[in-house]
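The sequence and the structure are shown first.

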Amino acid sequence: MATTETQTKIGEITPSEWELMRIVWTKQTIYSRELIELLQQKREWSESTIKTLLRRLVKKGLLTTEKEDRRFKYTALVSEADAMNETTQQLFDHLCAMKQGATLYHLIDHLTLSQADIKQLQQLLATKLTTAPAQVACDCLPDECHCD
């Protein structure tokens, strides 16, 4: 489900909201009572805190809510993959282009990856190697670089 930053506010998701969204993405559709119970198993958050987070996520365009009888049902309006990809892209957009490779190396070095993930990365890197520049230029300041 593709989305754009103008429709939702993915870049404004707080760590607490990410935690809530991960449950919604896993369950796909969830009632507030179940969501509150699941979150309270993980965190010592009050019911009112969780309801506040839900309202914020609805306001940011990331969740939709539907009232069924006396219960509220929540569904994500953006896919987990879209949210992760957009957030990661936003982070890398803020880094010096020259240092993105080192940052990615550090990230991969500290992640647990499946063999399938590693094979996909190897294939992608082999393809990118054929057109990669010898060095990526610094993009911090025009005509001036102190990134070495």
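Two strands are taken to pair if DSSP finds at least two bridges between them. The model discussed here is predicted.

**The sheet**

In E3, Thr75 is the bridge partner of Thr29. The sheet to which this bridge belongs is open and has three strands, in the order E1-E3-E2, with antiparallel pairing. Strand E1 (29-31) and strand E2 (63-68) form the edges, each pairing on one side only. From one strand to the next, the twist averages 25 degrees.

E1 and strand E3 (residues 71-76) run antiparallel and are joined by three bridges. Tyr31 stands opposite Lys73 in E3. On the other pairing, E2 and E3 are antiparallel over six bridges. Thr64 stands opposite Thr75 in E3, and Thr75 is also the bridge partner of Thr29. The hairpin of E2 and E3 has two residues between the strands, and Asp69 takes a positive phi near 55 degrees there.

| Strands | Sense | Bridges |
|---|---|---|
| E1 and E3 | antiparallel | three bridges |
| E2 and E3 | antiparallel | six bridges |

Helix H2 (residues 32-42) lies across E1 and E3 and runs at about 85 degrees to E1. H1 gives the most, with six residues. The core holds 23 residues, and Leu20, Leu35 and Leu63 touch the most other members.

The contacts of Leu63 illustrate this packing. When residues up to four places away in sequence are not counted, Leu63 touches Leu20, Met21, Val24, Leu54, Leu57, Val58, Tyr74, Thr75, Ala76 and Leu77. Of these, Thr75 is also the residue that Thr64 faces across the sheet.

**Aromatic rings**

A pair of aromatic rings is described by the distance of the centres and the angle of the planes. The count for this model is one aromatic pair.

Is Pro15 buried or exposed? Its relative accessible area is 69%, so Pro15 is exposed, given that the class begins over 50%. Ser16 has a relative accessibility of 27% and therefore counts as partly exposed.

Ser16 is in contact with Trp45 and Leu53, leaving aside neighbours within four places in sequence. Ser16 and Leu53 are 37 residues apart along the chain, and their C-alpha atoms are separated by 7.8 Å. For Pro15 and Arg70, which are 55 residues apart along the chain, the separation of the C-alpha atoms is 29 Å.

Terms used. Residues numbered from 1 in each chain as written. Predicted model: local features only at pLDDT ≥ 70, side-chain atom pairs only at ≥ 80, totals over all residues. Heavy atoms only, no water. Helix = DSSP H or I, 4+ residues; strand = E, 2+ residues; numbered from the N terminus. Axes fitted to C-alpha atoms, helices over the stretch in contact; angles between N-to-C directions. Contact = heavy atoms within 4.5 Å. Core = buried A, V, L, I, M, F, W, Y, C linked by side-chain atoms within 4.5 Å. Buried < 20%, exposed > 50% of the residue type's maximum accessible area, 1.4 Å probe, protein only. Phe/Tyr/Trp six-rings, centres within 6.5 Å; stacked < 30°, edge-to-face > 60°.
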